[in-house]
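This report looks at salt bridges. Please have the sequence and the model open.

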Amino acid sequence: MRVCSLLLVLSGLSWGQQADITSGVDLVAVGVSVTGGEGTLVKDLRQEELLILDNGRPRAIDSLWREDDVPLTIGLIVDLSSSQMEHVAAHRQALNEFLGRILRPQDQAFLVSVGNEARLVTDLTHSTDALRAGMKSLDLRSPAGDVLGDICGEQKWWLPNCGGTALWNGVYAAAHLKMQQVAGRKALIVFSDGWDTGSKHTLDDAIQAAEASDTLVYAIRYDFTMPTRAVTKAFYTRAAETLRDYERIASETGGREFVAPQIESGEMFRLIEAELRSLYVLTFKLPEDAMDGTFHKLEVRVQRPGAHVRARSGYTAAR
């Protein structure tokens with residue numbers, strides 16, 4: 001039986017190699033996180049307690065298992081735009097806490113900054129020293145690292161490139177260029193207000209790139225700061241859209257959104273690590289008539305009182 005790797009969501013399976021998702025497969029694997037009423041992970045889930053809908057059609061679950069303590073690949077994306085400048089010190093503190101609490105010798109990470117364009121500050125490494133050195137260099141006025149991904153236009157001194165915050169460019173490039181070729185369990189952790197002001201790539205592009213590379217997105221929201229003169233009715237309308245966009249990229253990729261400082265950073269990282277290192281993986285067989293090469297909407301439900309399940313919102317079926 002051929003196996004689809006598209007939805008091996010952070011699974012780290014020993015047999016889960018990155019395959020051509022258009023080559024024709026008949027088994028889909030989906031990573032899911034299940035929490036109880038207190039937000040604690042459910043570790044005794046039974047297969048019969050889950051229901052999966054593929055384009056609204058129930059599919060019989062072939063198997064369910066849970067994996068623990070697997071190596072992680074993490075992309076750290078830090079917003080250095082003007083609306084986040086007062087939070088840069090908090091970003092650095094949170095990033096350093098992340099390195100101390102989560103990253104282990106078998107894990108690897110990379111660091112991306114986002115301003116007028118996305119930049120790769122520190123490439124994939126197992127070294128916490130290299131990552132900390134990258135964090136110290138975070139500065140919007142003198143951005144470090146090479147441009148990651150697309151440049152919005154011809155580089156001229158009067159051209160503002162992508163705008164003030166090329167956030168979706170950063171997420172898209174991190175998922176497509178860095179995560180696509182990496183096997184195992186992967187996540188992007190984004191420190192931002194969620195406000196994109198001019199990326200070449202859209203929010204949908206960023207979500208699709210994360211889904212295609214089997215990468216969860218954890219969105220850490222910080223308040224945005226704007227000059228008083230910029231606070232207009234249009235500003236509040238766009239701000240409401242931004243709130244929805246940031247929550248959407250987290251929920252549709254199977255991650256979650258946190259609001260700083262409503263949750264202490266140590267507790268936030270503890271929850272993220274617990275989820276990433278212990279996920280359920282379920283599989284179901286795709287009927288031949290459903291192998292149509294189109295995007296399929298997924299919905300996973302858990303049939304246990306007080307429990308909540310998170311998984312990505314869909315996948316592209318093989319043809």
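Are Arg-256 and Glu-275 buried or exposed? Both are buried. The model is a predicted one.

The side chains of Arg-256 and Glu-275 form a salt bridge, at 2.3 Å from N to O. Arg-256 sits in the loop between helix 5 (233–252) and strand 11 (257–259), and Glu-275 in helix 6 (residues 265–277), so the contact ties together parts 19 residues apart in sequence.

Glu-275 also meets the side chain of Arg-310 in a salt bridge, 2.3 Å from N to O. Arg-310 belongs to strand 14 (residues 308–310) and Glu-275 to helix 6, so this pair joins parts that are 35 residues apart in sequence. Arg-310 and Glu-275 are both buried.

## A partly exposed loop pair

Asp-69 and Arg-104 meet through their side chains in a salt bridge of 2.4 Å, N to O. Asp-69 is in the loop between strand 4 (61–68) and strand 5 (72–79), while Arg-104 is in the loop between helix 1 (88–101) and strand 6 (108–114), so the bridge ties together parts 35 residues apart in sequence.

Asp-69 is partly exposed, with a relative accessible area of 47%. Arg-104 is partly exposed too, at 31% relative accessibility.

## Network and total

Salt bridges also link Asp-44, Arg-46, Glu-48, Glu-49 and Arg-304 in a network. With nitrogen-to-oxygen contacts counted within 4 Å, the total is 21 salt bridges.

Note on methods
Residues are numbered from 1 along each chain as its sequence is written. This is a predicted model: local features need pLDDT of at least 70, side-chain atom pairs count only at pLDDT 80 or more; totals for chains, interfaces and linings use all residues. Side-chain values use heavy atoms; hydrogens and water are left out. Helices (H or I, at least four residues) and strands (E, at least two) are DSSP runs, numbered from the N terminus. Buried means under 20% relative accessible area, exposed over 50%, partly exposed in between (1.4 Å probe, protein chains only).
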